[in-house]
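Welcome! Please take a moment with the sequence and the 3D view below, and then we can walk through them together.

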Amino acid sequence: EYRDGYVDIPDGPGLGIEIDEDYVRDQTGGVDWHNPIWRHDDGSVAEW
């Protein structure tokens, strides 16, 4: 709640919001996205 330009500090973990994970999954349209994994010729992981 906002009062005089200030917000109360949440008393629980996180940012004080809840995400409806089922809704988010429904909105993705079935996309199963993963970060790309790059590898060197020797098989070692190549990152940024």
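Is Asp-8 buried, partly exposed or exposed? Asp-8 is partly exposed, with a relative accessible area of 41%; here buried means under 20% relative accessible area, exposed over 50%, and partly exposed in between, using a 1.4 Å probe and protein chains only.

Before going further, please note that this is a predicted model, in which local features need pLDDT of at least 70, side-chain atom pairs count only at pLDDT 80 or more, and totals for chains, interfaces and linings use all residues. Residues are numbered from 1 along each chain as its sequence is written, and side-chain values use heavy atoms, with hydrogens and water left out.

**The chain as a whole**

The protein chain holds 1 helix and 4 strands, in the order β-β-α-β-β from the N terminus. These elements are DSSP runs numbered from the N terminus: helices are H or I with at least four residues, and strands are E with at least two. The C-alpha trace spans about 60 × 25 × 20 Å along its principal axes. Of the 48 residues, 2% count as buried. The accessible surface comes to about 5400 Å², and carbon and sulfur atoms account for 52% of it; such areas come from the Shrake-Rupley method with a 1.4 Å probe, and for residues only the protein chains shown count as cover.

How confident is the predictor? The mean pLDDT of the protein chain is 86, and 98% of the residues score at least 70; pLDDT is the predictor's confidence in each residue, from 0 to 100. Among the elements, strand S1 (residues 2-3) has the lowest mean, 86, while S3 has the highest, 91.

**Salt bridges**

Side chains of opposite charge can pair when their charged atoms come close. A salt bridge is counted when a side-chain nitrogen of Lys or Arg lies within 4 Å of a carboxyl oxygen of Asp or Glu. By this rule there are 3 salt bridges, listed here.

| Pair | N to O distance |
|---|---|
| Asp-8 and Arg-3 | 2.7 Å |
| Arg-25 and Glu-21 | 3.3 Å |
| Arg-25 and Asp-22 | 3.4 Å |

Arg-3, the partner of Asp-8, is partly exposed as well, at 46% relative accessibility. The other two pairs belong to helix H1. Arg-25 and Glu-21 sit 4 residues apart in this helix (residues 21-27), separated by about one helical turn. Arg-25 and Asp-22 are 3 residues apart in H1, also about one turn, and both are exposed. Through shared partners, salt bridges join Glu-21, Asp-22 and Arg-25 into one network.

**Surface and loops**

Leu-15, Ile-17, Ile-19, Tyr-23 and Val-24 make a nonpolar surface patch of about 600 Å². Patches are made of residues with over 30% relative accessible area and no salt bridge, joining like charges within 9 Å and nonpolar side chains (Val, Leu, Ile, Met, Phe, Trp, Tyr) within 5 Å.

Where is Val-31 found? Val-31 is in the loop between H1 and strand S3 (38-39), and is exposed with a relative accessible area of 57%.

Finally, look at Asp-4 in the loop between S1 and S2. Asp-4 is not a glycine, yet has a positive phi of about 55°, and counts as exposed at 77% relative accessibility.
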